[in-house]
Amino acid sequence: MDDHTSKARRAWLRAGVLLPLAQVALAATPSEAAITSGLSSAPVPVSAAMPAPPAGVSPEALAQNRQYWASVAAQYDMDDRVVLLDNGFWGSMARPVLEAYQDHTAKVNRGNSWYARTDFPGDYKAALQRTAAALGVSPDEIVFTRGATEALQALISGYRHLGSGDTVLYADVDYDSMIDAMRWLKQRRGVDVATINLPEPATHESVIACYAKALDQHPRLKLLLLTHVNHRNGMVLPVAQIASMARARGVDVIVDTAHGFGQLDMRIPDLQADFVGINLHKWIGAPVGVGAVYIKRGRVQDIDPYMGQPESNSIYPRVHTGTANFAAFMTLPLALELHGQVGVANKQARLRLLRNRWVEPARKIAGIEILASSDPQLTSAIASFRLKGRTSLAENIALSKRLLEEHGIFTVYRDGLASGSCVRVTPSVFTPESDMDKLVVALHKIAASA
Ligand SMILES: Cc1ncc(COP(=O)(O)O)c(C=O)c1O
């Protein structure tokens, strides 16, 4: 932080001007925070840690250990009136995380601005450091947001190197709000917006070939949006490979890993991308309202400070959440801790088992079309289906409604794929195998009567 900026920030702080949450939190020096509220976060007592996986068992073997996963599921209080197979929206908190969140909320409420202006900076910094360690990046390479949307909008709208005649590119699998932001670049920066449709069924090679062709076809391409795990059919994109092809042609990549980090056994540098939007309330099980922007060290000047925030070498002015949910950020370290206790590789293997438990039998049902690659490299917890030939949104809204009303199974319809609409199925770590079996039974009945 340069001298001028840090002086200006202190002045604003003294004047009580509203600053981005991260700046408020991180600009506080020990002298500014000298009068502490006495409410500082003692580490939250972990009354109930997650059950430890048995030693020496591979993720694939553990995935089949029903007793272990039942003990994990016992840490969640879930409504049992439906079979919940839409766990891609956000991830429920395990009970100890929920309890810590409730405690933090009470503390913030009690202390009000006394807490927020004195002890919160330390809590924020601790959360940032813990999160950076989990992401495998340096704390100065991330800033918190309220979710992946805010993170990616800041990156897409702030990317500086676009002008008339340049091209940006997105795919049919990308997330709706990010597609909107990429399209908006036409008005905002005068770029041409190119699109591709990913192959179906996809293989690792066919997906790479699709992006390679697009890179060849658009010599003025400057910016590429990649969705690590998409929310429509759950395909895992070989991001690192595509990003390095792009880099070789001078194309920058923004990666949406809303569904990747926390679900897949990976860390941010594995993506080989300089700009990444992250979600921490989907697969980590943190409270709703936490995400992060990652900007690789040395690239921060390539993203505009958010709407007139002061220029600096820091990542913080790239985002402005306004006053956000203090307690959600305070709960993050515990959520990450519990996530790590089960282990992301174990979670990934378990989720894959649950996904395959419905996808593979359903592939054999005449009349059902599965929109999920059989290439294990492209496999996530998320997969989708439709009745063969029924590609309209209305038909798929009706299909998910039927699953709920006739079988008590809660899913969600999705549209936007070039091949048409579908119904998305997403188990979680607390989902028992029997729930996937109920879905297969339901699909048999629905297909037979369609
Ligand atoms: C692929 C993808 N990207 C981004 C988002 C946005 O996340 P959030 O709503 O938490 O900002 C989602 C949400 O479902 C998503 O599925």
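**Close-up views of the predicted model**

**View 1. Helices α7 and α8 run roughly parallel to each other.** The model shown here and in the other views is a predicted one. Helix α7 spans residues 148-158 and helix α8 spans residues 176-189; the two pack at an angle of about 15°, and their axes are 10 Å apart. Angles under 35 degrees count as roughly parallel, and the pair is therefore described in that way. The crossing in which α7 passes α8 is right-handed. On the α7 side, the contact is made by Thr149, Leu152, Gln153, Ile156 and Ser157, which meet Ser177, Met178, Ala181, Met182 and Leu185 of α8. Sorted by class, this contact contains 6 nonpolar and 4 polar residues, with no charged residues.

**View 2. Seven strands are arranged in an open sheet with mixed pairing.** The strand order is β2-β8-β7-β6-β5-β3-β4. At the edges lie β2 (142-145) and β4 (192-196), each of which pairs on one side only. From one strand to the next, the twist averages 20°. Within this sheet, strand β6 (residues 252-257) pairs with strand β7 (residues 275-279) in the parallel sense, over 4 bridges. Isoleucine 254 has phenylalanine 275 of β7 as its bridge partner. Helix α6 (residues 120-135) packs on the sheet, where it touches β2, β7 and β8 (291-295); the direction of α6 makes about 110° with that of β2.

**View 3. A shell of residues surrounds the ligand.** This shell includes Gly147, Ala148, Thr149 and Tyr175, together with Thr227, Asn230 and His231. Also among the surrounding residues are Asp256, Ala258, His259, Asn279 and Gly291. By class, the shell divides into 3 nonpolar, 8 polar and 1 charged.

**View 4. Two local features of the backbone are shown, a cis peptide bond and a positive phi.** Most residues other than glycine have a negative phi, and most peptide bonds are trans. The cis bond joins glutamate 200 and proline 201, with an omega of about -5°. Proline 201 is found in the loop between β4 and α9 (204-217). The positive phi belongs to asparagine 112, a residue other than glycine, and its value is near 50°. Asparagine 112 is placed in helix α5 (residues 95-118).

**View 5. Four strands form an open antiparallel sheet.** The order of the strands is β9-β10-β13-β12. Here β9 (368-371) and β12 (412-414) are the edge strands, each pairing on one side only. The twist averages 35° from one strand to the next. Strand β10 (residues 383-387) and strand β13 (residues 422-425) run antiparallel and are joined by 3 bridges. The bridge partner of phenylalanine 385 is valine 423, in β13.

**View 6. Helices α12 and α13 are shown with the strands that they meet.** Helix α12 (residues 344-363) lies across β9, β10 and β13, and runs at about 140° to β9. Helix α13 (residues 393-407) packs on the sheet and touches β10, β12 and β13. The direction of α13 makes about 165° with that of β12.

Definitions and conventions. Residues numbered from 1 in each chain as written. Predicted model: local features only at pLDDT ≥ 70, side-chain atom pairs only at ≥ 80, totals over all residues. Axes fitted to C-alpha atoms, helices over the stretch in contact; angles between N-to-C directions. Parallel < 35°, antiparallel > 145°, perpendicular 65-115°, else oblique. Left-handed = near helix turned anticlockwise from the far one by under 90°. Contact = placed C-beta atoms within 7 Å. Nonpolar A, V, L, I, M, F, W, Y, C, P; charged D, E, K, R; others polar. Pairing = 2+ DSSP bridges. Near = placed C-beta within 6 Å.
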